[in-house]
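Here are my notes on the model, point by point. Have the coordinates open while you read.

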Amino acid sequence: IKPDDVIELTTREGDKVNVLKKAVLFGANASGKTTLIESIEFLSGYLREDINTGKVFNIPTFKGNFKDLEGITSFDISFFSDAVIYRYELKLNSLGVVYEALSYLSNDKYNCIFNRKEKDNQIEVEGFDFFTPEERDIIPLLSKTIGNQQKAKSFLYKLHDNNVKSIEKAYAWLSGLIFVFPTSKYAVKAVRISEDENYRMSLSNYLKKYDTGIEKTYADTSMSLDDAVTRYGMPRKVVEEIYEIAKKSE
């Protein structure tokens, strides 16, 4: 890696961390690229929802028989927000949260903001030193209400939903992630790009400003999706999924 490929981040705590300016994900077909993106999109969407108790999760997973994972999907993501480097960990099975933790980097090690885990079929939440004195009075009460009846819900979402400001920057970053790929709800932006010149110019300038390599955006809607099925052999299932995404985003 060349020096020009990285940028140095300095945290409030004085830690300095080098990160890549850009990264590219590539690999053979069916190697898991899309599943990785879909999994992170799932995580962001999960944190935006008030999950109902008893909901069965449809978590994007890699193909294979991984018996050692015991049906648990794990997320572990580090990110930089408001001069703080956070680490968020989440483990889910089809019924709800198995483990959850939020921490922050200080003096080259991660310090616990909160830690949620199961012990003897009971849910325990630890931590809280990160929070303000006023918030520390509220959080133990919230942790007591997150028993089995709320197992499906993220404690991070619960803190956000109860207006706990200390985690708001971390929550906003995680819940605000946007992915644009063929099956995402943002794929239908092509219609707006085609019909709204101001939006098209704004998007082009934005992408150019952040050095994405994209100079100009445009959309060719002269061919319908149904025509594409005939001309290019596009799978009918894909077309139906696109129509369904478009309908939901109206």
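1. Which residues of helix 1 are buried? They are T35, S39, F42, L43, S44, G45, Y46 and L47, where buried means under 20% relative accessible area, exposed over 50% and partly exposed in between (1.4 Å probe, protein chains only). Their cover includes strand 3 (73–81), strand 4 (84–92), strand 5 (97–106), helix 3 (155–161) and helix 4 (168–175).

2. Some ground rules before going on. This is a predicted model, with local features needing pLDDT of at least 70 and side-chain atom pairs counting only at pLDDT 80 or more, while totals for chains, interfaces and linings use all residues. Residues are numbered from 1 along each chain as its sequence is written, and side-chain values use heavy atoms, leaving out hydrogens and water.

3. The overall tally is eight helices and seven strands; these are DSSP runs numbered from the N terminus (helices H or I, at least four residues; strands E, at least two). Of the 250 residues in the protein chain, 32% are buried. Taking contacts (heavy atoms within 4.5 Å) between residues at least 6 apart in sequence, 45% join residues at least 24 apart.

4. Back to helix 1, residues 33–48: its end C-alpha atoms lie 24 Å apart, which agrees with the 22 Å that its 16 residues should span at 1.5 Å a residue. The expected span is 1.5 Å times one less than the number of residues.

5. Now the largest nonpolar core, which has 31 residues. Such a core is a set of buried Ala, Val, Leu, Ile, Met, Phe, Trp, Tyr and Cys residues joined through side-chain atoms within 4.5 Å. Y88, L102, L156, L159 and I167 have the most contacts inside this core. Strand 4 gives the largest share, five residues. L102 is worth a click: beyond its neighbours within four places in sequence, its contacts include Y88, L156 and I167, along with Y86, F114 and A170.

6. Finally, look at V19 in strand 2 (residues 16–20). V19 is partly exposed, since its relative accessible area is 29%. Not counting residues up to four places away in sequence, V19 touches D5, V6, I7 and L9. V19 and L9 are 10 residues apart in sequence, with 7.4 Å from C-alpha to C-alpha.
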